[in-house]
Amino acid sequence: MFERKVPVPIMLNRIDVPIMVKIIDVIQETDNVKTFTLDISLNAKPGQFVNIWLPGIDEKPFSVAEDNGKTLKITFFAIGEFTKKLFACNVGDKIGIRGPYGRAYSWKPNSTLALIAGGYGAAPMYFLAQKAVETNCIIYFIVGAKSKNHLLYLNTISSLPKTFLHIATDDGSMGHKGYNTEVLEKILQKHHIHQVFGCGPEMMLYSVFNLCKKYKTEGQLSMERYMKCGFGVCGQCVMDNTGERVCMEGAVMTTQQLSCIEEFGKYHRDKEGLKKPF
Amino acid sequence: MADLSVTFAGVHFTNPIVLASGIMGITANSLIHVAHKGKLGGVTTKSIWLTPHQGHKNPVMLGTEHYFINAVGVPDAGIEKAKEELRIYKENKSVPLIANVIASSETDYGMITEAITELEPDLIEVNISCPNIEDEFGKPLACSRVKAAEVTKICKSKTHIPVVIKMSPNVENPVEIAQACEDAGADGLCCFNTFGPGMLIDLESRMPILANKVGGVSGPGIKPLVLKMVNDIYKAVKIPIIGTGGVLTGKDALEMMMCGATLVGVGTMIYYYDIQGFVDMAIEMNDWLDEHNIKNITEIIGALNR
Ligand SMILES: Cc1cc2nc3c(=O)[nH]c(=O)nc-3n(C[C@H](O)[C@H](O)[C@H](O)COP(=O)(O)OP(=O)(O)OC[C@H]3O[C@@H](n4cnc5c(N)ncnc54)[C@H](O)[C@@H]3O)c2cc1C
Ligand SMILES: Cc1cc2nc3c(=O)[nH]c(=O)nc-3n(C[C@H](O)[C@H](O)[C@H](O)COP(=O)(O)O)c2cc1C
């Protein structure tokens, strides 16, 4: 009679107190982007994220760019205090990690998928593509950036089977001149796409969301909000007006979920909870 | 079906489970979401300051199977943001709202209480016991009988809404402090804030893991300590108690009530069982009461045999 409905605490299948792991490989992707391979697997799935800790400095969330059961990769931009310090780390250094957190992407095997990436988004999208082709999916992979020198993961993506790579740059230095969402629209017009997946700046995601609506295609998008705990307690990353937490009811959110979220594409909140328009 | 409803300082709650302060309490929509999905009796806002206050860097909280530790540093955007959020909360007509306020001086406690009164929360909870901002403000006011009473008096003089004082467990004489608050006019007590502060270290880097180095301890490990002190206080005061600390299950909540709590504050539980855990708690409480043929949950408040 008196048994718990949820007998196992939800926190048992992840690491919540950071552990120090070695950086075993570093790839400099562009001037300000690096990929670290870490000596750990968290059995993370595409779309999930981890929190990286630099003792005495800070801790920040990063998407998993690959977890192959032995090692885990993150790809990050050096943009502020924390990521600049992280950027300065070398092979052999140890950094703290905990996770994995958040919902993962879920795709239908044997289907045709469109993946659209801006910024660091190419990394987690690559992880998704890698897993999806294993389940016999065909993939249209669209990568966008300011210019040719900022495009990420082109070689890795090109090496995937059953994957068609499309490129868009703002200045036209490579691929389509303009937004990557313009490329997505053409693909949605031309091919029968079962699901759309997106990771990148919010305004890009907002256009992707609108395209999904227009072409009546299911979409899953990676949301970003200021995060603290990563496991649903602090309430920092909640979105108006459903009150859903990006770390728990995201970071991957369906377009259906997002259609109820008023702040999507409009504003986010800083670490004191104050609204900041995009 | 047993009747789970209770009345606390004149406010009616359909069940005794309330969300504790600082957990998912930053926005109105967050509170509404948890209240609805968790079928809660009531919710408490995160501590609200008069003016914006920055928190600590990350990591701000860490969890293990046995305990939880946090030093968020009570970040808040101040009363103007709170006004907007509380208005949204009121418009949605959700469960009773406990507005938790914090300040750094006795006068400011009066001002924030006055400001929050305009928004008509159902109860005002005065946080004088946060253990993780000691570096900034020194020992919490809740650690002194005289200061706790002074704050209570000032807050009471600024509002017509019932005032609940959030107590610190980190004192030698919790019963005396509780009595001092009661004598000063408090309408209820919230027992307790987090314990400590404590520390968690990383062997490898030889560093405390919380950015603030130390933080308040909550979760399952503190339950026995809270039960004992709640019972001591229950026997010494007449005002009702929100028993808070380490409650994860319906059984835990019933134990807290047997020790004398009228409402049960629950925060860290979310870490273990997420929002669904609240729903399960209420079901368990009801099942236990039915099994023991108790029609009304109020019958078990303070019903500890001795
Ligand atoms: C789920 C998720 C996954 C992410 N994945 C990646 C990734 O794979 N690669 C990558 O380069 N970046 C990723 N980010 C963003 C990354 O967390 C920020 O770039 C980083 O926190 C910046 O810190 P900073 O100190 O260098 O810069 P700051 O100058 O402190 O901040 C720059 C901007 O980064 C964002 N930011 C800062 N702190 C946080 C925080 N605690 N939580 C969320 N956002 C924050 C804010 O928008 C801020 O304006 C991800 C963010 C989230 C929420
Ligand atoms: C992450 C976190 C943040 C908290 N923030 C506040 C706060 O802002 N104000 C406050 O009065 N108590 C705060 N508390 C204390 C809780 O309200 C509660 O008193 C304590 O955690 C014990 O209950 P629990 O074991 O059910 O969490 C916080 C606790 C946690 C875990």
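User: Which residues of strand β15 (residues 241–244) of chain B point one way, which the other way, and are they buried or exposed?

Analyst: B:I241 and B:G243 point one way, and B:I242 and B:T244 the other way. All are buried. Buried means under 20% relative accessible area, exposed over 50%, and partly exposed in between, with a 1.4 Å probe and protein chains only. Strands here are DSSP runs of E of at least two residues, and helices are runs of H or I of at least four, numbered from the N terminus. This is a predicted model, in which local features need pLDDT of at least 70, side-chain atom pairs count only at pLDDT 80 or more, and totals for chains, interfaces and linings use all residues. Residues are numbered from 1 along each chain as its sequence is written, chains are lettered from A and ligands numbered from 1 in the order written, and side-chain values use heavy atoms, with hydrogens and water left out.

User: What joins β15(B) to strand β10 (residues 188–191) of chain B, and what joins β15(B) to β16 (residues 263–266) of chain B?

Analyst: Three bridges join β10(B) to β15(B), and they run parallel. Three bridges also join β15(B) to β16(B), again parallel. Two strands pair if DSSP finds at least two bridges between them, so both count as pairs. B:C190 stands opposite B:I242. B:G243 has B:V264 as its bridge partner in β16(B).

User: How does the chain cross from β15(B) to β16(B), and what is the hand of the crossover?

Analyst: The chain passes through helix α8 (residues 250–258) of chain B, and this β-α-β crossover is right-handed. That term applies if, with the strands pointing away from the viewer, the path from the first strand over the helix to the second runs clockwise.

User: Which residues of α8(B) are buried, and what do they pack against?

Analyst: The buried ones are B:G250, B:D252, B:A253, B:L254, B:M256 and B:M257. They pack against β1 (6–8), α7 (223–236), β15, β16 and α10 (276–291) of chain B. Just after the helix, B:G260 takes a positive phi of about 130°.

User: Why is A:T71 called buried?

Analyst: A:T71 has 14% relative accessibility, so A:T71 counts as buried. A:T71 lies in the loop between β5 (66–67) and β6 (72–77) of chain A. Leaving aside residues up to four places away in sequence, A:T71 touches A:I24, A:T37, A:L38, A:I40, A:S41 and A:E66. Contact means heavy atoms within 4.5 Å.

User: What makes β4 (58–63) and β5 of chain A edge strands?

Analyst: The open sheet has seven strands in the order β4-β3-β7-β1-β2-β6-β5 (chain A), with antiparallel pairing. β4(A) and β5(A) each have a single partner strand, so one side of each lacks a neighbour in the sheet. Six bridges join β3 (residues 49–54) of chain A to β4(A) in the antiparallel sense.

User: How much area is buried between domain 1 of chain A and domain 2 of chain A?

Analyst: About 1,700 Å², with carbon and sulfur atoms giving 65%. Buried area is the accessible area (1.4 Å probe) that two parts lose on being put together, summed over both. A:P46, A:F49 and A:F77 supply 26% of the area that domain 1 buries against domain 2, more than any other three residues. The domains span 15–101 and 112–277, with bounds from an automatic or database domain assignment. 23 residues of domain 1 of chain A are in contact with 23 of domain 2.
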